[in-house]
Amino acid sequence: MTHKRHQGQPPPPPPPSLDPDSQEPVAAAAPPEAEATGPSEVDVWKDRHLRLAAEYDNFRKRTTKERTEVWSRAQAELVSRLADALDDLSRFAHIDPADIDSKTLHDGVDLVERKVWKELEAAGVTRIDQAGVPFDPNVHEAVTTGAATKPEEDHTVGQVVQPGYKMRDTLLRPARVVVLTWQGH
């Protein structure tokens with residue numbers, strides 16, 4: 001038996017789905033109406049959050065890269081400032097000792113040291129090497145103690161064993177010192 005549909009008639013509805021256990025017809029799900037109108041407020045906030053998180057991550061990566069580049073440029077600038085002094089030092093290191101007297105060698109090394117210090121001071125480096133000043137644990141490291149000859153010398157630096165260095169306000173290495181203590185003679 002063939003059924004012919006007349007032109008202009010809608011097609012017949014599909015047969016109902018059957019539940020596999022009970023073999024009873026299952027009602028069709030209602031078409032979603034709310035989703036058709038656009039994204040929900042939650043979706044908008046999620047999207048905004050994801051965009052802000054991505055922007056922050058990009059900012060963090062960019063600033064880390066910029067900080068690394070600035071640090072590399074600063075190091076390169078300091079080394080280039082020291083290049084002349086390093087060249088002079090290299091020349092002195094390769095002189096045949098038989099061709100130079102000790103005074104000339106001493107004067108040359110002194111000249112190189114002054115060149116190095118000129119550039120280090122321009123970069124903000126200072127040397128901590130004073131004796132007779134009060135002991136300061138923020139810039140001094142006590143390696144031993146010595147006897148003070150008078151009470152005013154108690155807790156003062158008697159000798160600098162190894163100088164310390166600061167770069168502006170940052171301690172690079174504390175000065176290693178002998179601290180004088182008054183024994184009360």
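Author: Leu105 counts as partly exposed because its relative accessibility is 33%, where buried means under 20% relative accessible area, exposed over 50%, and partly exposed in between (1.4 Å probe, protein chains only). Keep in mind that this is a predicted model, in which local features need pLDDT of at least 70 and side-chain atom pairs count only at pLDDT 80 or more, while totals for chains, interfaces and linings use all residues. Residues are numbered from 1 along each chain as its sequence is written, and side-chain values use heavy atoms, with hydrogens and water left out.

Leu105 sits in helix H2. Helices (H or I, at least four residues) and strands (E, at least two) are DSSP runs, numbered from the N terminus. Setting aside neighbours within four places in sequence, Leu105 is in contact with Phe92 and Ile100, contact being heavy atoms within 4.5 Å. Phe92 is 13 residues away from Leu105 along the chain, and their C-alpha atoms are separated by 7.3 Å.

Now look at Glu119, also found in helix H2. Is it buried or exposed? Glu119 counts as buried, because its relative accessibility is 19%. Not counting residues up to four places away in sequence, Glu119 touches Arg81 and Leu82. Leu82 belongs to helix H1, where it is buried along with Ala85 and Asp88. Helix H2 (102-122) is part of what covers the buried residues of H1. As a rule, residues three or four places apart in an α-helix point the same way, because there are 3.6 residues a turn.

So what about H1 itself? Helix H1 runs over residues 41-93, and at 1.5 Å a residue its 53 residues should span 78 Å; the expected span is 1.5 Å times one less than the number of residues. The end C-alpha atoms of H1 are 75 Å apart, which agrees. There is a bend of about 45° in H1 at Ala83, taken as the angle between axes fitted to the seven residues ending there and the seven starting there.

H1 also gives the most to the lining of the largest pocket, with seven residues. Among the residues lining this pocket are Trp71, Leu78, Arg81, Ala123 and Met167. The pocket holds about 200 Å³ of space. On a 1 Å grid over the protein atoms alone, a pocket is an open set of points where a 1.4 Å probe fits, with protein on both sides within 12 Å along at least five of seven lines, and lining residues have an atom within 4 Å of a point. Grid points are joined across faces, edges and corners, and the volume is the space filled by probe spheres set on the points.

Stepping back, the chain has two helices and eight strands, in the order β-β-α-α-β-β-β-β-β-β along the sequence. Of its 185 residues, 15% count as buried. Among contacts with a separation of 6 or more, 59% are between residues 24 or more positions apart.

One last stop is strand E8, where Thr181 is found. Thr181 is buried because its relative accessible area is 17%. Leaving out neighbours within four places in sequence, Thr181 has contacts that include Thr145, Ala148 and His155.
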